[in-house]
Each structure stands twice: as structure tokens, then as C-alpha cells.
Amino acid sequence: MPLIYKFWPSFLRSIKEKREVCVITLFIFLAFLVYHKSFSGRFIYDDYKSIVDNPFIRHFDFVSLWFYDPSRFLTNFTFVFNYAFSGLHTLSWHVVNLLIHIGCAGLVYRIVLLLFQMPRLQREVEGRDRFML
């Protein structure tokens with residue numbers, strides 16, 4: 001439990017927890033709202049070079065995948081599993097992309113919350129409305 005929770009009355013703790021659930025739900029809703037039209041889409045632009053015509057994502061040889069393009073290893077790593085799961089059916093590719101974006105938004109949110117729990121930042125916002133943090 002974060003340090004700041006020890007100093008909050010119990011009713012504010014429950015409000016803070018409810019707020020976090022609402023924020024996460026909002027992230028998921030907004031992500032679906034933004035990406036819902038892509039679910040029926042096809043591969044476009046650089047998808048052909050990166051996915052359709054990429055022979056390295058068709059098997060689990062991670063050494064050759066690394067040497068194929070080290071700067072995009074993590075991306076190609078996810079492509080290997082996505083291709084193994086569904087081939088070139090675009091729906092699953094778009095769903096995985098959506099899940100990655102939701103996960104990244106959640107991580108950024110948690111990092112910001114952790115930053116605001118640091119003692120130096122708590123002193124900076126002293127006297128401001130703590131409920132908003």
C-alpha cells in the first residue's frame with residue numbers, strides 16, 4: 001500500500017480506489033472508441049514490409065529475428081506470436097495492438113501516480129488540493 005494511504009481517512013481511500021478504477025475503465029473505453037474501426041481493416045502501408053512479406057516472423061528463430069532488424073526486435077517478437085496464433089488475419093493483429101496501447105497507457109498512468117508520491121513532489125504540492133492527485 002502506498003505511503004500516502006496511511007494519512008488519508010478511510011472514506012477518502014475508497015474514493016481514491018474508485019477513481020483509479022474509473023480512470024482505468026476510461027482508458028479502455030477511449031482505446032476501444034479510437035480503434036474500433038480498425039478491427040475490420042486490412043494491412044496497409046508498411047504492414048506489407050513488416051508483416052506480410054517478413055519471412056522472419058513465420059517461425060520461432062529469435063536469433064535471426066534479432067539480426068533481421070535489432071531496432072525493431074520487440075515489435076517483431078510480438079509479430080512472431082501474433083502470426084503463430086492467427087496467421088495473417090488482421091482482426092487479431094488489431095486486437096493485440098489495442099491491448100498493447102491500453103497496457104502502455106496504464107503503465108504511464110501508474111508511473112505518474114508513483115512520481116506524485118515521491119516526498120519532493122509532495123512538498124511541492126503542499127497546500128494545493130491533494131484530492132486531485
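In which helix is isoleucine 102 found? Isoleucine 102 is found in helix α5. The structure is a predicted model. In that model, isoleucine 102 has a relative accessible area of 16% and is buried. Phenylalanine 29 is 73 residues away from isoleucine 102 along the chain. The two C-alpha atoms are separated by 9.6 Å.

Confidence comes next. The mean pLDDT of the protein is 79. A score of at least 70 is reached by 77% of the residues. Among the elements, α4 has the highest mean pLDDT, 89. The lowest, 70, belongs to helix α6, residues 119-124.

Helix α5 has 27 residues. From its first C-alpha to its last, α5 reaches 40 Å, close to the 39 Å expected at 1.5 Å a residue. The buried residues of α5 are Thr90, Ser92, Trp93, His94, Leu98, Ile102, Tyr109 and Leu113.

Threonine 90 also lies in α5. Its relative accessible area is 18%, so threonine 90 counts as buried, the limit being under 20%. The side chain of threonine 90 reaches the backbone oxygen of glycine 41 at 2.8 Å. Beyond four places in sequence, threonine 90 touches Gly41, Arg42 and Phe43.

Phenylalanine 43 leads on to the aromatic residues. A search of the whole structure finds twelve aromatic pairs. One of these joins phenylalanine 43 and tryptophan 93. The ring centres are 5.9 Å apart and the planes stand at 80°, so this pair is edge-to-face. Phenylalanine 43 lies in the loop between α1 (10-35) and α2, whereas tryptophan 93 lies in helix α5. The pair therefore ties together parts that are 50 residues apart in sequence. Both phenylalanine 43 and tryptophan 93 are buried.

Tryptophan 66 and phenylalanine 73 form another edge-to-face pair. Here the centre-to-centre distance is 5.4 Å and the angle between the planes is 65°. Tryptophan 66 is partly exposed, at 40% relative accessible area. Phenylalanine 73 is likewise partly exposed, at 22% relative accessibility.

Leucine 65 is placed in helix α3. Its relative accessibility is 0%, and leucine 65 counts as buried. Leucine 65 touches Phe56, Phe73, Asn76, Phe77 and Val80, not counting residues up to four places away in sequence. Proline 55 is ten residues from leucine 65 in sequence. The C-alpha to C-alpha distance between leucine 65 and proline 55 is 9.4 Å.

Helix α4 spans residues 73-86. Its 14 residues reach 20 Å from first C-alpha to last, close to the 20 Å expected at 1.5 Å a residue. Asn76, Phe79, Val80, Asn82 and Ser86 are buried in α4. The buried residues of α4 pack against α2 (47-52), α3 (62-68) and α5 (90-116). Just after α4, glycine 87 takes a positive phi of about 70°.

A positive phi also occurs at a residue other than glycine: tyrosine 45, with a value near 45°. Most residues other than glycine have a negative phi. Tyrosine 45 lies in the loop between α1 and α2. At 74% relative accessibility, tyrosine 45 counts as exposed.

Cysteine 22 is exposed, at 53% relative accessibility. Cysteine 104 is partly exposed, with a relative accessible area of 41%.

Notes
Residues numbered from 1 in each chain as written. Heavy atoms only, no water. Helix = DSSP H or I, 4+ residues; strand = E, 2+ residues; numbered from the N terminus. Expected span 1.5 Å × (residues − 1). Buried < 20%, exposed > 50% of the residue type's maximum accessible area, 1.4 Å probe, protein only. Contact = heavy atoms within 4.5 Å. pLDDT = per-residue confidence, 0-100. Phe/Tyr/Trp six-rings, centres within 6.5 Å; stacked < 30°, edge-to-face > 60°. Polar contact = N/O pair within 3.5 Å; in protein donor to acceptor, adjacent residues only side chain to side chain.
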